[in-house]
Amino acid sequence: YEMLETGHQVLSIGYPGLLRDRTADLPVARKGTIASQYGVPFDRDPIFIVDARMHDGTSGSPVFTNPNTILHSLTGEYDSRYGVIALLGIHSTTYKQPSEEESERRLDLNGVWHAELIEDILESI
């Protein structure tokens, strides 16, 4: 992941606000960007910050590199030569600032635990 920089796009898969396809029970995807340096602990925690619109229900959702360069060919097949999908981490928290107005509280900044911590987190449960 040495090439990941602040501003790179990410993709989170989950159920924002409990929204889901009730027939297929499939999650939805949300786009965002890396907002703090990936791989550097944010405020001494092993997380990085993502700028994305997240809601209740997305905690625990995986955050991936966004395969925004995957192209749909004329044949209807996907060509993944140009994009790589990698698990970056798990969405943990949405940051808010104190305010009386709910709409003014949301910062659209989120903490994501680094992927290499997943095994440690599971063992501690």
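These are my notebook entries on a predicted model of a protein.

**Entry: the overall layout**

I began with the secondary structure and found 2 helices and 8 strands. Reading along the sequence, I wrote the order down as β-β-β-β-β-β-β-α-β-α. Next I looked up burial: 27% of the 125 residues count as buried. For the accessible surface I noted about 8500 Å², with 53% of that area belonging to carbon and sulfur atoms. I also checked how far contacts reach along the chain. Among contacts with a separation of 6 or more, 55% are between residues 24 or more positions apart.

**Entry: strand pairing**

I then asked which strands lie side by side. β2 and β3 are antiparallel partners, with 3 bridges between them.

Strand β1, residues 9-14, pairs with β4 in the antiparallel sense over 3 bridges, and Val 10 stands opposite Thr 65 of β4. β4 is also joined by 3 bridges to strand β7, residues 87-96, and these two run antiparallel as well. There I marked Phe 64, which has Leu 87 in β7 as its bridge partner.

How much of β3 is covered? I counted 5 of its 6 residues as buried, so I wrote it down as mostly covered. A reminder to myself for strands like this: in a regular strand, side chains alternate between the two faces of the sheet.

I searched the whole structure for aromatic pairs and got 1. The partners are Tyr 38 and Phe 48, with ring centres 4.8 Å apart and planes at 70°, so I logged the pair as edge-to-face. The cut-off behind that label is an angle over 60 degrees. Tyr 38 sits in the loop between β2 and β3 while Phe 48 belongs to strand β3, so the pair ties together parts 10 residues apart in sequence. Both Tyr 38 and Phe 48 are buried.

**Entry: a buried loop residue**

Is Thr 58 buried or exposed? I read its relative accessibility as 1%, so Thr 58 counts as buried. Its place is the loop between β3 (47-52) and β4 (62-65). What does Thr 58 touch, apart from its neighbours within four places in sequence? I found Tyr 15, Pro 16 and His 91 in contact with Thr 58.

**Entry: two positive phi values**

I went through the backbone angles next. Most residues other than glycine have a negative phi, so I noted the exceptions I came across. Asp 25 has a positive phi near 55°. Asp 25 lies in the loop between β1 and β2, and because its relative accessibility is 40%, it counts as partly exposed. Asp 43 also has a positive phi, about 50°. Asp 43 is placed in the loop between β2 and β3; its relative accessibility is 65%, so it counts as exposed.

**Entry: a nonpolar patch**

Last, I looked at the surface. Ile 121, Leu 122 and Ile 125 form a nonpolar patch there, and together they have about 340 Å² of accessible area. I followed up on Ile 121, which is part of helix α2, residues 118-123. With 34% relative accessibility, Ile 121 counts as partly exposed.

How values were computed
Residues numbered from 1 in each chain as written. Predicted model: local features only at pLDDT ≥ 70, side-chain atom pairs only at ≥ 80, totals over all residues. Heavy atoms only, no water. Helix = DSSP H or I, 4+ residues; strand = E, 2+ residues; numbered from the N terminus. Buried < 20%, exposed > 50% of the residue type's maximum accessible area, 1.4 Å probe, protein only. Contact = heavy atoms within 4.5 Å. Phe/Tyr/Trp six-rings, centres within 6.5 Å; stacked < 30°, edge-to-face > 60°. Patch = residues over 30% accessible without salt bridge, like charges linked within 9 Å, V, L, I, M, F, W, Y side chains within 5 Å. Areas by Shrake-Rupley, 256 points an atom, 1.4 Å probe, with all protein chains shown as cover. Salt bridge = Lys/Arg side-chain N within 4 Å of Asp/Glu carboxyl O. Pairing = 2+ DSSP bridges.
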